[in-house]
Amino acid sequence: MTVRVQPELFDAGTELNRFAQGRSDVGAVVSFTGVVRDTDGDLQEMQIEHYPGMTESAIAKIVQEATTRWGLADALVIHRYGALKPGAPIMMVATAAAHRAAAFEAADFLMDYLKSRAPFWKKEITTAGASWVAAKDADEDALKRW
């Protein structure tokens, strides 16, 4: 299990290859990479803040829950912080399990958690100014599945 919270850019392909390399004990590896979205065409950057130590601990706890619940052989979560430009990778989740359903469900669970409960604070800087990103009802509803 690996949890990294970092300002540095990561290469999802390299990370996935490293994660899956030499895995003959699993039948499925699933990954997801989230990118900074500019839906209105005026986003200059997204600023992501966190509390070092607390954030990693909270994510590690939920990764351990997913590992136990779905019998994962391994899991990887990378989440960036700092000032990120539109189109930049913001986070990555990878799961490895004996069967694809477990790998997909665990990855989906982790993504929902990261979106709604991980202790990050996001501020969008647009051509009109800056505003904090509020929680969305759809994200909260997604958590109810678990």
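Here is a short chat about the predicted model shown above.

Biologist: Hi! Before we start, what kind of model is this, and how are residues numbered?
Modeller: It is a predicted model, where local features need pLDDT of at least 70 and side-chain atom pairs count only at pLDDT 80 or more, while totals for chains, interfaces and linings use all residues. Residues are numbered from 1 along each chain as its sequence is written, and side-chain values use heavy atoms, with hydrogens and water left out.

Biologist: Thanks! How many helices and strands does the protein chain have?
Modeller: There are 4 helices and 8 strands. These are DSSP runs numbered from the N terminus: helices are H or I with at least four residues, and strands are E with at least two.

Biologist: And in what order do they come?
Modeller: Starting at the N terminus, the order is β-α-β-β-α-β-β-β-α-β-β-α.

Biologist: Which strands does β3 pair with?
Modeller: Strand β3 (residues 43-50) runs antiparallel to β7 (residues 120-126), joined by 7 bridges. Two strands pair if DSSP finds at least two bridges between them.

Biologist: What about H50: buried or exposed?
Modeller: H50, which lies in β3, is buried, because its relative accessible area is 13%. Buried means under 20%, exposed over 50% and partly exposed in between, using a 1.4 Å probe and protein chains only.

Biologist: What does H50 touch?
Modeller: Not counting residues up to four places away in sequence, H50 touches V5, T55, E56, Y81, P119, F120 and W121. A contact means heavy atoms within 4.5 Å. F120 is also the bridge partner of H50 in β7.

Biologist: Switching to S31, where does it sit?
Modeller: S31 is in strand β2 (residues 28-35). S31 counts as partly exposed, because its relative accessibility is 36%. Setting aside neighbours within four places in sequence, S31 contacts L16, M92, V93 and A94. The C-alpha atoms of S31 and L16 are separated by 7.3 Å, and the two residues are 15 apart along the chain.
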